[in-house]
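Open the model in your viewer and keep the sequence beside it. The stops below are meant to be selected one after another.

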Amino acid sequence: MPRYKITIEYKGTNYVGWQRQENGFSIQESIEKAIKQLTAQNTGVFGAGRTDSGVHALGQVAHFDLPKNLINDSIRDGLNKYLRPQPIAIIKSEEVPENFHARFSANQRQYSYIIINRRAPLTVDQDLAWVLHKDLDILKMQEAAKFFVGKNDLKAFRSVSCQSKTSVKTIDQASVIKKDNKI
């Protein structure tokens with residue numbers, strides 16, 4: 001059975017996060033419905049990770065299986081057709097070996113957090129950044145970021161149902177960059 005890897009970007013503002021949930025609409029559910037519309041097949045989509053409610057993604061990876069071969073461009077274009085007008089886009093589709101798993105084959109993740117440091121409320125960046133009205137000490141933030149680099153036990157950040165074998169993770173880089181009022 002062919003396995004397909006898709007690379008996705010989405011604006012998660014109005015979603016309960018990546019994972020299908022009973023309390024609202026998720027990114028995973030939206031993609032599964034689009035696959036059903038495209039192929040007339042019910043299939044589960046497995047993501048490399050889960051984003052929380054309101055979180056966005058620029059390169060989320062997921063995979064799913066289909067009983068027949070499809071052209072990668074047809075998968076990308078067909079899913080995007082059925083996802084419109086939702087703020088979800090399939091950037092790329094590719095057939096991968098059967099042993100590929102979006103979550104367990106991932107070897108790196110990258111996160112960006114944006115702070116707008118000003119008195120005025122957000123307009124253009126609303127839902128895309130966090131506004132803080134008090135002046136922040138960028139030099140202290142840059143100094144503190146160094147403490148995240150290396151192996152860290154992130155047990156305090158795990159959910160009760162976390163399936164990872166260990167809470168020890170390696171952080172390769174943590175940086176704080178400021179341009180105008182955007183951090």
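Contact here means heavy atoms within 4.5 Å. The model is a predicted one.

Start with helix α1, residues 27-39. Its 13 residues should span 18 Å at 1.5 Å a residue, and the end C-alpha atoms are 18 Å apart, so the two values agree. Now select S26, at the start of α1: one of its side-chain oxygens comes to within 3.0 Å of the backbone nitrogen of E29. At the other end, α1 is followed by A40, which has a positive phi, near 65 degrees.

Next, colour the buried residues of α1: I27, Q28, E29, S30, I31, E32, A34, I35 and T39. Show what covers them, including β1 (3-10), β3 (57-65), α2 (72-83) and β4 (88-96).

Keep I31 selected. Leaving aside residues up to four places away in sequence, I31 touches I6, I8, W18, V45, L83, I88 and I90.

From there, move to the largest nonpolar core, which has 20 residues. Those touching the most other members are I6, I8, W18, I31, F64, L79 and I88. At least two residues of this core come from each of β1, α1, β3, α2 and β4. In soluble globular proteins, nonpolar side chains tend to be buried together.

The last stop is Q60, in strand β3. Is Q60 buried or exposed? Q60 counts as buried because its relative accessibility is 10%, and the cut-off for buried is under 20%. A polar atom of the Q60 side chain lies 2.8 Å from the backbone oxygen of G49. Beyond residues up to four places away in sequence, Q60 touches I6, T7, I8, Y10, W18, G47, A48 and G49.

Technical notes. Residues are numbered from 1 along each chain as its sequence is written. This is a predicted model: local features need pLDDT of at least 70, side-chain atom pairs count only at pLDDT 80 or more; totals for chains, interfaces and linings use all residues. Side-chain values use heavy atoms; hydrogens and water are left out. Helices (H or I, at least four residues) and strands (E, at least two) are DSSP runs, numbered from the N terminus. The expected span of a helix is 1.5 Å times one less than its number of residues. Buried means under 20% relative accessible area, exposed over 50%, partly exposed in between (1.4 Å probe, protein chains only). A polar contact is a pair of N or O atoms within 3.5 Å; within protein, one must be able to donate a hydrogen and the other to accept it, and residues adjacent in sequence count only if both atoms are side-chain atoms. A nonpolar core is a set of buried Ala, Val, Leu, Ile, Met, Phe, Trp, Tyr and Cys residues joined through side-chain atoms within 4.5 Å.
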